[in-house]
Amino acid sequence: MSSRGGKQKKGNVTSEQEEEEQPLQAVLVADSFNRRFFPISKDQPRALLPLGNVAMIDYTLEFLTSTGVQETFVFCCWMSNKIKDHLLKSKWCRPTSPNVVHIITSDLYRSLGDVLRDVDAKNLVRNDFILVYGDVVSNIDVSQALQEHRHRRKVDKNISVMTMVFKESSPGHKSRCEEDDVIVAMDSKSKRVLHYQKTQGLKKLQFPMNIFQHGSDEFEIRHDLLDCHISICSPQVAELFTDNFDYQTRNDFVRGILVNEEILGNQIHLYVTQDGYGARVSNLQMYDSVSSDMVRRWVYPLTPEANFTDQQGQGCTHSRHNVYRGAEVSLGHGSQMEENVLIGRDTSIGANCHISNSVIGNNCTIGDNVVLDRAHMWNNVHISSNVEIHQSVVCDGAVVKEAVHLNKQCVLAYNVVIGPNLSLPDGTVVSMHHPEEEEEDDDDEFLSDDQEVGHSKDKTRQKAFNPAEVGPEGKGYIWKASMNDTEDEELAQCLWGLVLNPDPESDSESEASEESQDRSRSVSPEIDDVNAFQLEVLGTLQRGLEENIVCDNLVLEINSLKYAYNITLKEVMQILTRVVLEYPFQQQGTQLTTLQYTGSLLPLLKTWSPVFKNYIKRAQDHLDCLSAVEELFLEQDTHQTAMVKVLMKMYQLEILEEEAILKWFSTGATNDKSRQLRKNQGLQKFIQWLKEAEDESSEEGE
Amino acid sequence: MPGADKETDLTERIEAFLADLKRGGSGTGPLRGSGEMARETTYLLRRITAQARWSSAGDLMEIIRNEGRRMTAAQPSETTVGNMVRRVLKIIREEYARSRGSSEETEQQESLHKLLTAGELSEENFRQHFVLLKANVIEAINELLTELDGTTDNIAMQALEHIHSNEVIMTVGRSRTVEAFLKDAARKRKFHVIVAECAPFCQGHEMATGLSKVGIETTVIADAAIFAVMSRVNKVIIGTQTVLANGGLRAVNGTHSVALAARHHSTPLIICAPMFKLSPQFPNEEDTFHKFVSPHEVLPFTILCILTFLSELKVNSVSSPELITLFISNIGGNAPSYIYRLMSELYHPEDHKL
């Protein structure tokens with residue numbers, strides 16, 4: 001290593017020195033830009049939620065500082081005042097701090113992309129910088145990755161723009177977030193990322209062949225990687241975000257870079273570490289597992305007793321079986337702290353309690369005979385006697401009255417009162433905010449918090465609490481269907497917490513899902529080009545029908561779409577055929593009888609025949625069109641009899657030529673199903689009729 | 001204002017030192033031996049003495065005690081830091097007494113007899129101001145620093161008295177002091193060293209390469225083989241992290257098993273420990289005593305998805321004084337039972353608890 005470094009130094013001493021002198025910078029995004037932690041994050045931004053009694057952003061800042069970052073830009077949006085207050089009070093803003101923290105707030109940030117565009121606009125970074133979220137917990141030594149990154153940039157003249165840090169961990173590991181699960185194809189030697197794909201919700205994975213054709217001869221396809229959400233970026237990253245205004249997330253960026261690799265020549269690399277710990281608290285399940293990892297000392301030296309935030313009175317003692325006790329903790333007679341327990345200062349615990357794998361905050365009171373397992377209790381929580389809590393989150397100021405059972409994955413948000421004598425089923429979420437409020441201020445999600453709070457207070461007074469839900473003395477509303485993103489619906493089964501099955505009838509829901517569909521369309525055009533194109537074509541045809549647009553104009557529109565989505569002519573034709581044939585199903589539902597189907601389709605074919613004629617010109621085009629027809633009817637096997645009529649109509653409209661049909665019939669059969677299709681009686685007759693017609697015409701010709 | 005500059009410079013240095021301590025041993029911070037740690041602490045304390053604002057010895061002691069408390073809290077397992085703070089406090093006491101011109105008599109420890117005869121003893125308050133005190137204290141700290149610099153050499157010099165030709169020596173893990181000790185003996189004598197690798201960190205491997213480079217015949221064995229090999233060993237020479245007030249040890253994990261095996265075979269167990277490792281702690285303070293690190297080394301993170309059990313990795317173990325034959329420090333060899341005496345020479349009893 002050292003000898004290599006020496007050689008470079010001889011090469012360009014001045015630039016080397018310049019780079020060495022520049023302080024290492026970091027961009028910390030203290031906003032998640034999603035609503036995973038709703039309704040908890042309604043009262044407190046995610047970065048300030050306590051993990052092991054320390055705000056998450058403190059872990060991130062400590063991580064940055066320990067890797068030698070000297071200047072950090074913290075970008076906040078949602079509840080920026082609170083984050084600012086917290087940071088100004090913390091040790092990071094003391095004049096002696098080795099890491100200078102600049103806080104930048106704006107209500108206009110809606111995504112990571114906006115933040116980075118602002119970084120570029122303000123010209124904040126001068127050199128390679130580390131990009132993290134405010135909820136990353138890590139002790140990875142990034143300096144090695146940083147060195148590799150700088151080395152690559154020196155050798156390859158700024159081709160590599162980003163190095164992503166991953167940790168090795170087997171698939172299905174509890175600290176792996178299913179949302180963030182990725183599969184990565186990379187070059188073994190250069191660690192260059194060739195293909196990057198999120199696996200969530202996918203049963204099939206596709207790798208473009210061309211990635212394996214050039215480059216070195218060794219490749220790795222890895223699924224054993226845990227995304228730490230730590231990236232080392234060159235200043236170009238910010239510029240690239242500015243250039244491509246549709247990039248919202250890092251995922252967009254990575255995919256964009258990989259797709260445009262040949263054009264722009266930018267590359268992304270990977271750094272895989274085996275030791276060290278790094279994870280992002282991206283949902284409640286991750287919160288649970290990261291918290292337990294932290295208590296089990298995986299993030300050493302960021303352990304609870306280290307008191308790295310340097311707060312007075314935060315210190316605690318550590319004893320065997322990972323039991324941590326803060327100052328002034330009182331433990332009643334016969335109470336057991338089994339293992340992996342963290343108890344904050346001034347907390348008192350009654351007699352005969354049984355506590356395991358739990359984190360209890362400061363100033364809590366816990367009654368007698370309480371059973372806590374995997375409970376996360378924040379500050380000032382009051383738990384009465386005979387309570388059982390399993391794998392749940394209890395936020396600041398919540399009160400749990402006597403004999404309450406919290407089953408798995410419950411969430412009690414701020415200041416909620418529950419009980420007495422109640423059992424909350426799995427996955428119950430209780431908040432002081434009424435769920436309907438949520439729908440109303442859906443749009444102004446990023447309002448300033450004062451406004452928000454005043455607003456909500458009026459609301460809570462108006463509506464009465466339901467004693468059946470929260471108990472006779474309870475305060476709070478059961479929170480259902482709070483998630484608006486369609487992705488979350490899919491995640492409902494596998495993620496803990498706030499994701500219950502959304503109410504299908506609610507208007508806001510469908511609106512929102514449409515929105516998100518729009519977003520996903522604009523967000524990831526590369527992968528869904530074909531689908532998106534299909535949707536667009538459908539829209540165009542629909543509009544054409546409603547507004548009576550001339551077919552020539554339709555052709556024009558489709559052509560422009562073709563260029564927009566970069567679709568080949570062949571695909572255009574196949575998609576067009578498909579869209580037209582499916583049109584009746586689209587309009588009138590899939591329960592059509594064959595007769596109804598043909599009845600509505602045939603006039604359509606007639607109207608749109610010029611469009612077809614425009615695309616179907618060469619002999620090969622005819623065959624492609626026919627195979628598309630065949631494909632569709634193979635799927636819709638109840639309507640196979642309609643196929644003959646369709647072919648007949650197309651023949652009559654001179655969209656298809658008889659030669660092509662005959663050729664398709666004789667040669668096209670590739671598998672059993674299509675062979676079966678060709679045995680259809682109607683089709684046989686049609687073909688025979690065609691043959692005869694041909695004979696006749698040829699005879700006539702003679 | 002240069003004064004203010006000095007002040008912030010000082011606090012900056014202290015903060016940086018604290019941060020280093022907190023990250024100590026994780027691989028992210030600079031990893032240092034306890035000798036270096038002791039030196040750095042002393043440098044910092046000298047700087048505090050020179051730059052902080054104080055008018056009397058009492059003020060200075062208060063400042064140093066405060067900083068010392070923070071430093072020890074930052075990494076309780078690193079006892080050297082606390083020891084050096086106590087040494088400096090002792091120096092201040094001595095220098096103050098000397099400036100006052102009081103005799104040796106008053107400086108000596110309080111005995112039962114004295115307590116009975118003295119009646120209302122005037123409490124020393126260290127409030128008197130002396131112009132030369134600062135210079136004297138700094139001078140004395142400099143002497144302490146030279147002593148620290150020479151410790152390893154002083155210990156190594158005694159090697160020939162303990163290691164004889166054709167002996168088989170066993171050691172555990174890696175200790176800079178022991179390495180220097182053995183290397184010094186190897187200049188004149190030929191002997192065989194068996195190194196227990198000391199899993200899971202396997203510092204023993206480093207030790208073995210270091211020793212074999214200077215031509216010492218070295219064998220690395222697994223920790224499990226310690227007992228089996230012990231019968232052939234003439235002497236066990238190991239290092240330690242801390243020498244406890246009762247003459248016990250707090251050393252790298254695995255030391256205790258070596259000590260027990262040595263006792264079983266009646267093999268002498270010799271500890272190389274410089275004086276700055278002598279701590280007034282007793283092995284009953286469970287909480288601060290052990291250092292637990294990430295369980296990564298024994299249980300890879302990757303396989304955790306299958307297993308969920310309690311995983312802990314303790315870095316050190318405690319051995320009781322009766323297992324130990326001899327301590328070799330920079331001021332000579334001592335039996336474990338004599339440690340209490342050394343303790344009273346090095347530290348003032350009032351400083352035992354910072």
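Just after helix H12 of chain B, B:Ser266 takes a positive phi of about 50 degrees. The model is predicted, with local features needing pLDDT of at least 70 and side-chain atom pairs pLDDT 80 or more, while totals for chains, interfaces and linings use all residues. Residues are numbered from 1 along each chain as its sequence is written, chains are lettered from A and ligands numbered from 1 in the order in which they are written, and side-chain values use heavy atoms, without hydrogens and water.

H12(B) spans residues 255-264, and its buried residues are B:Thr255, B:Val258, B:Ala259, B:Ala261 and B:Ala262 (buried means under 20% relative accessible area with a 1.4 Å probe, protein chains only). These residues lie on the same side of H12(B) because they cover an arc of only 165 degrees around the axis, taken from the directions from the helix axis to the C-beta atoms. They pack against several elements of chain B, including helix H11 (226-230), strand E1 (168-172) and strand E10 (316-319).

Chain B as a whole has 14 helices and 12 strands; these are DSSP runs, H or I of at least four residues for helices and E of at least two for strands, numbered from the N terminus. Of its 354 residues, 51% are buried. Among contacts (heavy atoms within 4.5 Å) in chain B between residues at least 6 apart in sequence, 80% join residues at least 24 apart. The chain exposes about 16,500 Å², of which carbon and sulfur atoms supply 52%, by the Shrake-Rupley method with a 1.4 Å probe.

Methods: Buried means under 20% relative accessible area, exposed over 50%, partly exposed in between (1.4 Å probe, protein chains only).
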